[in-house]
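Morning, everyone. Let me put the structure up, and then I'll walk you through it piece by piece.

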Amino acid sequence: MAVLELTGIAKHFGAIEALRGVDLSLEDGEVLGLMGDNGAGKSTLVKIIAGNFPPSAGQIRIDGEAMHFHKPVDAREAGIEVVYQDLALCDNLSAAANIFLGREFKRSFGFLRFLDFGRMYQRAGELFEELQSETRPRDLVRQMSGGQRQAVAIARTRLSEPRIVLMDEPTAAISVRQVAQVLDLIRRLRDQGIAIILISHRMPDVFAVCDHVAVLRRGSLVADKSVADTSPEEVTGLITGAIASA
Amino acid sequence: MSSSVEISDVTRIREQSWFGSILANQALWVTVAVALICIATAIDQPDSFATKNNFYNITRNFAAIGIIAMGMTAVIITGGIDLSVGSVMALSAIIAARLLESGFDWYVGVAGGLVAGLVVGAVNGSLIAHLKLPPFVVTLGMLSIARSLAIVASENRVIYQFGDGGETFKWLGGGRIELPWIDGDVLPLSNMFVVLIVMALIMSIVLKTTSWGRYLFAIGGNEQAARLTGIPVDRIKIQVYMLAGLTAAIAGILSAGYGGSASNGMGKTYELYVIAATVIGGANLMGGQGSIYGAFIGAALIFLIRNSLIMFGVDANWYDLFVGLFIILAVLLERLRGRTRG
């Protein structure tokens, strides 16, 4: 059974039709590349899955169960984690503080509850180790490279044993060498059975890590096929409209 | 198998050394400045400066600003500002005094004054959090509104008839406790200073070791990110302005007790000294940075300058010039630290 199943997802903003009739499904441990030109509806689709706003029509099912998200925390509780394009990190806090933001470990003294720094630093260290990243839990995010910041944002998704991780342009703003690191991180998540939706403009990245590629054009899904059955040329044609659908 | 991390990536990571983080700590430099001013003044005026009496006076004098700076620090960490604290001081003092004047006991007056501060803070916070109005403008408006309410509530009189509860009320703000001292003598501390110390300790613990404290820094660092992680940003913002209102109310009530009267002119321009204290202590008006100790030592510095200028025989009219210089120096220091941090 598909871990994530979208049927007939549509979204209107007033008279603007951002998405219509989108059907998609995703298996455990599958990496889906979501491609499309600016304004094709990629971000809108991601925000619907992430619970930022509800769809105008259509259904989201997780393990066959219909979901209604009202805010991002609802989606997180259903096992969906998001790595936002801007990473949504607080520069003035440490890596560990960012990972645990909003779900800190605490210890109680009577009715008072204090942060459990030791356990958080230790768990953050374990997460970075799992991701084979050299990022240190106590370092301030402000002092980190683009790749390390990605590692922090990705480690955060590992905190809750998620089913699905959405990644919005994780390789858009970092150096070439760091792109390789981030793609490695994605493979490691996949190896742990997590389903991933990778939104990207970068064709090489999609073909390097994805099993499937889905193409959106002007709000409609025009292709959803295995990476083995397509080529960068075909996907480019689908994105621009030179090829109508596939 | 290729490692995912290049050697250069690892070696480039440099943890801030213990020494480096000490040097980068603005509150430390302010502490050094405070110590130097103390030493210089003590050498110049050995008989009058380094006395228990003068210590009592200085610590009492900066306590009111220091108490409000505790709340202001929380507000500034979230990236906000509260310009209404001086007016709230007066409003709370007047309400407490009016209640006492009309025959209520001291605790009713104190409770009334504190509630006034909390209500003003809740109004500020709601307008800022729910209607997304800029804190500067909202609290500037409230500066005017609360002052006007204080004048109306006082019928434009100075209130000094505190009725039966007056004795306790005056002791709260004007009293002292005496600590045992080395020469068998005692060290007197004003109640106001004791309140400041207790509040500073509680606030330090809250900011450093609770999730609420951490959320303040998160909101100031990246409000959108804080929202996405499920932090109740709007609720916390309202709480922070209520805290600022509460600290202003405490300062107002204690000041009225100390002075033995409540005037609707109390606390005028205090907001500027309070903000100055927090900024000198290392708080960043852009949010995400600030400390309770910094605000405390910043408040101490501001009043120490005044005390030392008087001791050195400098015309007191120069006082604000020195406060201004220290504010600019603090921001300059912040900029220099930012540069070395890269």
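H7(B) is followed by B:Glu155, whose phi is positive, near 50°.

Before going on, the ground rules. This is a predicted model: local features need pLDDT of at least 70, side-chain atom pairs count only at pLDDT 80 or more, and totals for chains, interfaces and linings use all residues. Residues are numbered from 1 along each chain as its sequence is written, while chains are lettered from A and ligands numbered from 1 in the order in which they are written. Helices (H or I, at least four residues) and strands (E, at least two) are DSSP runs, numbered from the N terminus.

Back to that helix. H7 of chain B covers residues 135-153, 19 residues in total. From first C-alpha to last, H7(B) reaches 26 Å, close to the 27 Å expected at 1.5 Å a residue. That expected span is 1.5 Å times one less than the number of residues.

Which residues of H7(B) are buried? They are B:Pro135, B:Val138, B:Thr139, B:Met142, B:Ala146, B:Arg147, B:Leu149 and B:Ala150. Buried means 20 or more other C-beta atoms within 10 Å of a residue's own, exposed means 12 or fewer, and partly exposed is in between, with C-beta atoms placed from the backbone. Seen down the axis, the buried residues of H7(B) fall within an arc of 160°, so they line one face of the helix. The arc is taken over directions from the helix axis to the C-beta atoms. On the other side of H7(B), B:Val137, B:Ser144 and B:Val152 are exposed. What covers the buried residues includes helix H5 (85-101) and helix H6 (106-129) of chain B.

Now chain A, and its sheet. It is open, with 6 strands in the order E6-E9-E10-E3-E11-E12 and mixed pairing. Strands pair if DSSP finds at least two bridges between them. E6 (80-83) and E12 (220-226) of chain A stand at the edges with a single partner strand each, so one side of each has no neighbour in the sheet.

Next, E3(A). How many of its residues are buried? The count is 6 of 6. A:Val31, A:Gly33 and A:Met35 point one way, and A:Leu32, A:Leu34 and A:Gly36 the other. E3(A) pairs with E10(A) in the parallel sense over 4 bridges, and A:Gly33 stands opposite A:Leu198. With E11 (212-217) of chain A, E3(A) also runs parallel, joined by 5 bridges. A:Met35 faces A:Val215 in that pair.

A:Leu198 deserves a stop. This residue sits in strand E10 of chain A. A:Leu198 is buried, with 25 other C-beta atoms within 10 Å. Beyond four places in sequence, its contacts include A:Met167, A:Ile186 and A:Val206. Contact means C-beta atoms, placed from the backbone, within 7 Å.

Last, the core. In soluble globular proteins, nonpolar side chains tend to be buried together. Here the largest nonpolar core has 175 residues. Such a core is a set of buried Ala, Val, Leu, Ile, Met, Phe, Trp, Tyr and Cys residues joined through C-beta atoms within 7 Å. A:Leu166, A:Ile196, A:Leu198, B:Ile65 and B:Ile68 touch the most other members. Helix H12 (233-259) of chain B gives the most to this core, with 15 residues.

How values were computed:
Contact = placed C-beta atoms within 7 Å.
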